[in-house]
Amino acid sequence: MDILTTLLTNTYTVQDLRHRVRILKSHLENILFGHHTEQLSPEDSRWIGSLPHSFTNQFNKDNVYPLFDQLEDQIKKLNPLVIYLAFEPGQEQIEKIGQWFKKNLAKLPVFEIKVDPGLLGGVALVNSGVYKDYSLRSKIQEQEETILAEFKKYIR
Amino acid sequence: MPYFDFINLIVLILAASSAGAFFYLQRNHPGFHLPGDNTHSSGHLEGDSNLEGKSYDTLHSATKKAQAILGMAELDAIKVTADTRFYKEKLEDKFEQELQAASKAAQELIKQQTDRTIADFDNYLKELKSNLEKSDKDYVSYLTFLKSDTDAQKNQSQDTIKTQINQIFVKFEENLSQFLMDSQQRSVQSIELELKAARGLIETYKQQQLKVIDENVIAMLEKTLSLVLGKKLSLQDQVELVYEALEKAKAEKFII
């Protein structure tokens, strides 16, 4: 299992992936070179602690930077599924969405969360450059004629 | 007056005669001089004394003749004056008589002429009076004719004017009626057009407003729902809607 696959086991968004790569690098620099490490949040500390020893042992002073360069190249090449939400999700909601993907899709996609309050509810997706709206707003627009007809009953 | 003129005439004749005698003597006797005249040369003094004596004699005789002539002339003048006075009185008497006769004849003639003129004037006055009376009758009759003619024309003019006024009134009523009908028709048409235009504007405005409402009602609904749902929907509800949307995307095979 390569590094990226291991990281994506419990990392669902691109934002989280970049964040975790950064704190992992910092952590390994601290271990290998004794560099000063930043103060981690409990959640980040827990995630670092959950990594298996075999994963961290594959890094040494000689390969740590080439491996991270390679990893960043792989991240750049990722084509994440963009998910527009009507609300600002917390980590809990992001994990729930990731778990849904893990449970319902054959391949777990990396996704990128964006916020659009105009959606009202639901999601809009951008997959491989194609936008599709599955939000409450799109449902209202689909029912526009019916809604207008109902309104016009009161106007005319 | 004639008396003094006659004397003067005589004196003038005498003076002329004296002057003529003097010049005659001087021509026939070149040494003749009047007394006191010293303009001649002294070489002739002796001859001159003789001539002077002769001259004095001549002059003396001439003076005497002149005095005689003057006396005769005075006598003749007195005689002529007396004759003149006589004939003058006689002529004056005759002139007086002739004048009286002529005056009398003239008076007679003037009287006759005056009488005749008066008679003619009386006749003329009578004729003039008769002519005036006739003219007056003619004038009165003409005035009567004029009055009757004027009355007739007046009546005729009044009838004509009345008829024309009646026609004008009838025509005016017709024109007024037609004008009022046309005005009413035009007003009605104008009002109908205005009404139609106003209705069109209202309908256009209504359609525009309805279009605006149509265009905005969904946005309003979305905004309303956004405001309402943003407060009413819990995170769990939002997650449920996300699951529902993802299920739909999966069903449409947008995500596999």
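Author: **Loops, sheet and partner chain**

L120(A) is found in the loop between strand 2 and strand 3 of chain A; strands here are DSSP runs of E of at least two residues, helices are runs of H or I of at least four, and both are numbered from the N terminus. The model is predicted, so that local features need pLDDT of at least 70 and side-chain atom pairs count only at pLDDT 80 or more, while totals for chains, interfaces and linings use all residues. Residues are numbered from 1 along each chain as its sequence is written, and chains are lettered from A and ligands numbered from 1 in the order in which they are written.

Most residues other than glycine have a negative phi. L120(A), which is not a glycine, has a positive phi near 70°. It counts as buried because 25 C-beta neighbours lie inside 10 Å. The term buried requires 20 or more other C-beta atoms within 10 Å of the residue's own, exposed means 12 or fewer, and partly exposed lies in between, with C-beta atoms placed from the backbone. The loop between strand 3 and strand 4 of chain A holds S128(A), whose phi is also positive, at about 55°, although it is not a glycine. S128(A) is exposed, because 6 other C-beta atoms lie within 10 Å.

These strands belong to an open sheet of 4 strands in chain A, with the order 2-1-3-4 and mixed pairing; two strands pair if DSSP finds at least two bridges between them. Strand 2 (111–115) and strand 4 are the edge strands, each pairing on one side only. From one strand to the next the twist averages 20°, with axes fitted as lines to C-alpha atoms and angles running from 0 to 180 degrees between N-to-C directions.

Strands 1 and 2 of chain A run parallel and are joined by 5 bridges, with L81(A) opposite F111(A) in strand 2. Together with helix 6, these two strands make a right-handed β-α-β unit: with the strands pointing away from the viewer, the path from the first strand over the helix to the second runs clockwise. On strand 3, strand 1 pairs in the antiparallel sense over 4 bridges, and Y84(A) stands opposite A124(A). Strand 3 is in turn joined to strand 4 by 6 bridges, again antiparallel, where L125(A) has K132(A) as its bridge partner.

The predictor gives the complex an ipTM of 0.84 and a pTM of 0.48.

Chain B has 3 helices and 0 strands. Its mean pLDDT is 84, with 90% of its residues at 70 or more; pLDDT is the predictor's confidence in each residue, from 0 to 100.
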